[in-house]
Amino acid sequence: MFEARGLTKRFGRLTALRPLDLRVSSGEVLAVFGRNGAGKTTFLHLAASLTRPTAGEVLYEGRPAAEHRRHVGLLSHASFLYSDLTARENLEFYARLYGVEVSVDDVLAEANLAARANAPVRTLSRGMHQRLAVARALLHRPKLLLLDEPYTGLDAVSAEKLSMRLRTFGGPAFAGGFGEASPERAVILTTHDLERGLEVATRVAILDSGRLAYDGGPLDPRELRERFAALTSN
Amino acid sequence: MQSLQVVLAIVRKDLRRELRTKEVVLSTFVFAVLVLVIFNFTLPASRDTVLELAPGILWVAFTFSGVLGLDRTFASEKENRSLDGLMLAPVDRSAIYFGKLASNLVLMLLSDALLLPLFGILYNFNMATELPFPAFMTFLLVVLLGTLAYAAVGTILAAIAANTTMREVLLPLLLFPIAVPVVIGAAESTRILFQQDPLASPWPWIRVLAVFALVFIVLAWLTFEYVLEE
């Protein structure tokens, strides 16, 4: 479904991502771990076609990913939400951008934000803001979901709910309000939180200084911690 | 079709935000009023002087105040990185340019419309009654085309400047030299119309405005994707 071929990104003299080759198939949930500055966010931005790679390419079902933005959802560090607009207006705006017909009320209810639907986003708490951002990223029912630190700001209940959704991203439990069941979905998420990442991952990758240091099956938390420490020694 | 939907969604969103904050119209209008008032105090009030200089003053007010609104165009998309959200939309990214251009045009024309009656009062020149009807309509066309040309170049330069740390300084430094043909063309055609000069025609200048607008709209259409990404 998703493939990065020799993906490289340099910002002046700084190499954020060294040639990286990675494939993600339908049904996979890939957790990408790495220290600050390891290249996780750069990788997700390249995967979402937000920036151009210095070298290499990103393919989605064999075609350049930029041609498939309709099928990609991105939750970044920033929420992409407008503070002056209400939660409802933000979702309506993004629904129009993607040309999708969705019941915004259902989406808000699913995100447990129905009571604050008409409140300006600037008045929402950090956790509500993040829940709305997740709803925004999932609004157009993406087949490839890219999540950058999705648990930031979420309380334990909301974090658990998100984990449950990610584990069942392709299955029927995901249907309500956020997208129809589909076996054709995949998730790539980056996080510092090893335990949370392992809860949902079917595969694990570790980035170190822009280099893919590990790519394999899920590990138990202790083994992952040891391997993470060994691979990201600086 | 989807691109048109994105353009309309951006315009609707920008106008809704403006209606709520009144940030752009208020700041551009107040700045333009100050320009008109200052020039009004510093110039002799003879009729000939007004007809000779007022067109230039009017376009200085339009363009200098317009830069305030243009600066906010993409700066307002930086909060929560909502510009990235726009860039994820599954359409040609020039749709973002056209959406922003349309928003800027509407807001600048609104500011112009508020300013013109005030200009008439301050400079004792009621263009609606003192100009023959065809000349008045041609003047409105000059305002429309001049504002469109200025917004066309200003919107793409605002996108370039927004990606720098010196946004507020860089935008006027880039915009004013490039927009010189717009200011000259608009001021000259306005002067010819105000003075009812029988030996001059405003149409060559109006064509300059139309060509300038067209060139920058096509240029932005072709290059906007790269402007946003780099």
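Leu147(A) stands opposite Leu189(A), a residue of strand E8(A). The two strands concerned, E7 (residues 144-148) and E8 (residues 186-191) of chain A, pair in the parallel sense over five bridges. The model is a predicted one, in which local features require pLDDT of at least 70 and side-chain atom pairs count only at pLDDT 80 or more, while totals for chains, interfaces and linings use all residues. Residues are numbered from 1 along each chain as its sequence is written, and chains are lettered from A and ligands numbered from 1 in the order in which they are written. Helices (H or I, at least four residues) and strands (E, at least two) are DSSP runs numbered from the N terminus; two strands pair if DSSP finds at least two bridges between them.

E7(A) and E8(A) belong to an open sheet of six strands, ordered E6-E7-E8-E3-E9-E10 in chain A, with mixed pairing. Its edges are formed by strand E6 (72-75) and strand E10 (211-216) of chain A, each of which pairs on one side only. From one strand to the next the twist averages 15°. Angles here run from 0 to 180 degrees between N-to-C directions, with axes taken as lines fitted to C-alpha atoms, for helices over the stretch in contact. Helix H1 (residues 40-47) of chain A packs on this sheet and touches strand E3 (29-34), E6, E7, E8 and strand E9 (203-208) of chain A; contact requires C-beta atoms, placed from the backbone, within 7 Å. The direction of H1(A) makes about 155° with that of E8(A). Helix H7 (residues 221-231) of chain A also packs on the sheet, where it touches E3, E9 and E10 of chain A at about 25° to the direction of E9(A).

## The E9-E10 hairpin

E9(A) and E10(A) run antiparallel and are joined by five bridges. Within this pair, Ala205(A) stands opposite Asp215(A) of E10(A). The two strands form a hairpin with two residues between them, and Ser209(A) in the turn has a positive phi of about 50°.

## Four-stranded sheet of chain A

Chain A also contains an open sheet of four strands in the order E2-E1-E4-E5, with antiparallel pairing. Strand E2 (14-24) and strand E5 (63-64) of chain A are its edge strands, each pairing on one side only. Strand E1 (residues 2-11) of chain A is joined to E4(A) by five bridges in the antiparallel sense, and Arg5(A) stands opposite Glu57(A) of E4(A). H1(A) packs on this sheet, touching E1, E2 and E4 of chain A, and its direction makes about 120° with that of E1(A).

The loop between H1 and strand E4 (55-60) of chain A contains Ser49(A). This residue has phi near 65°, a positive value in a residue other than glycine. Ser49(A) is buried, because 21 other C-beta atoms lie within 10 Å; the term buried applies at 20 or more other C-beta atoms within 10 Å of a residue's own, exposed at 12 or fewer, and partly exposed in between, with C-beta atoms placed from the backbone.

## Leu166 in helix H5 of chain A

Leu166(A) is part of helix H5 (residues 156-167) of chain A. It is buried, with 20 other C-beta atoms within 10 Å. Not counting residues up to four places away in sequence, Leu166(A) touches Val29(A), Val187(A) and Val200(A).

## Helix H1 of chain B

Helix H1 (residues 2-21) of chain B has 20 residues, which at 1.5 Å a residue should span 28 Å; its end C-alpha atoms are 28 Å apart, in agreement. The expected span is 1.5 Å times one less than the number of residues. Among the buried residues of H1(B) are Val6(B), Val7(B), Ala9(B) and Ile10(B), as well as the charged Lys13(B), Asp14(B), Arg17(B) and Glu18(B). Viewed down the axis of H1(B), the buried residues fall within an arc of 165°, so they line one face of the helix; the arc is that of the directions from the helix axis to the C-beta atoms.

These buried residues pack against helix H2 (87-98) of chain A together with helix H2 (23-42) and H5 of chain B. The face of H1(B) turned away from the buried side carries the exposed residues Leu4(B) and Leu19(B). Just after H1(B), Lys22(B) takes a positive phi of about 55°.

## Contact between the chains

In total, 23 residues of chain A are in contact with 20 residues of chain B. On the side of chain A that touches chain B, H2(A) supplies the largest share, six residues. The residues of that side divide into twelve nonpolar, five polar and six charged, where Ala, Val, Leu, Ile, Met, Phe, Trp, Tyr, Cys and Pro count as nonpolar, Asp, Glu, Lys and Arg as charged, and the others, Gly among them, as polar.

Conventions: Two residues are in contact if their C-beta atoms, placed from the backbone, lie within 7 Å.
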